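Colleague: I've got this one open next to its sequence and would like to talk it through. Could you take my questions one by one?

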Amino acid sequence: MNNTYDDEMIVADVAGHTVLAVHGHKDRVSEVAQNLTVMLKLFPVVVCMGHYHHNWEKEFNGIDVIVNPSLSGTDEYARDIRKVSKPAQKMLIFDETGQICTYKILL
């Protein structure tokens, strides 16, 4: 998939819905939905992020912000910033109505 907006952002159509994804190192969880919506002039149903080394989800003005847990769990970087987490990933399921569920998969 070509990233037409930025090499550090993904804009994807999933089952007819706009989904955005960023690593998260340039974004705050509480502001990412609003900032990307205004910046890209798109209204996503979901914004996916990493970077924060924990499992977290919250809705902001109808946009779900989903922080993916760390694939590696607690590595040297995580220890240095005092973040401890179980290694995990998430699987999102969509249909024509939007995102219908999230599965956390422990590794």
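This is a predicted model: local features need pLDDT of at least 70, side-chain atom pairs count only at pLDDT 80 or more; totals for chains, interfaces and linings use all residues.

Colleague: OK, then which residue in β5 does Glu-59 stand opposite?

Modeller: Start with the strands. β4 and β5 (residues 63-67) pair in the antiparallel sense, over 5 bridges. Across that pairing, the residue opposite Glu-59 is Asp-64.

Colleague: And in the hairpin of β4 and β5, which residue takes a positive phi?

Modeller: That hairpin has 2 residues between the strands. The one with the positive phi, near 50°, is Asn-61.

Colleague: Which residue, with a positive phi, follows α1?

Modeller: Here the phi is near 55°. The residue that comes after α1 with that value is Lys-41.

Colleague: Staying with α1, why do its buried residues line one face of the helix?

Modeller: The buried ones are Val-32, Ala-33, Leu-36, Thr-37 and Leu-40. Look down the axis of α1 and you'll find them gathered on one face, because they fall within an arc of 120°.

Colleague: What's exposed on the other side of α1, and which strands do the buried residues pack against?

Modeller: On the other side you get Gln-34, Val-38 and Met-39, which are exposed. The buried residues of α1, meanwhile, pack against β1, β2, β3 (46-49), β4 and β5.

Colleague: Now the charges. How many salt bridges are there?

Modeller: One is Glu-8 with Lys-26, where the closest N and O atoms are 2.9 Å apart. Another is Glu-57 with Lys-90, at 3.1 Å. The cut-off is 4 Å between a side-chain nitrogen and a carboxyl oxygen, and by this rule the count is 2.

Colleague: How many residues apart are Glu-8 and Lys-26?

Modeller: Glu-8 sits in the segment before β1 (9-14), while Lys-26 is in the loop between β2 (17-22) and α1 (32-40). So the pair links distant parts of the chain. The separation is 18 residues.

Colleague: What kind of aromatic pair do Trp-56 and Phe-60 make?

Modeller: The structure holds 1 aromatic pair. The ring centres of Trp-56 and Phe-60 are 6.4 Å apart. Their planes stand at 35°, so the pair is tilted.

Colleague: Last one: how many disulfides does the structure hold?

Modeller: A disulfide needs two cysteine sulfur atoms within 2.5 Å. The sulfur of Cys-101 is 13 Å from the closest cysteine sulfur, in Cys-48, so that is too far for a bond. Cys-101 is partly exposed, by the way, with a relative accessible area of 23%. The number of disulfides is 0.

How values were computed:
Residues are numbered from 1 along each chain as its sequence is written. Side-chain values use heavy atoms; hydrogens and water are left out. Buried means under 20% relative accessible area, exposed over 50%, partly exposed in between (1.4 Å probe, protein chains only). Helices (H or I, at least four residues) and strands (E, at least two) are DSSP runs, numbered from the N terminus. Two strands pair if DSSP finds at least two bridges between them. Rings of Phe, Tyr and Trp (its six-membered ring) pair if their centres lie within 6.5 Å; planes under 30 degrees apart count as stacked, over 60 as edge-to-face and the rest as tilted. The arc is that of the directions from the helix axis to the C-beta atoms. Contact means heavy atoms within 4.5 Å.
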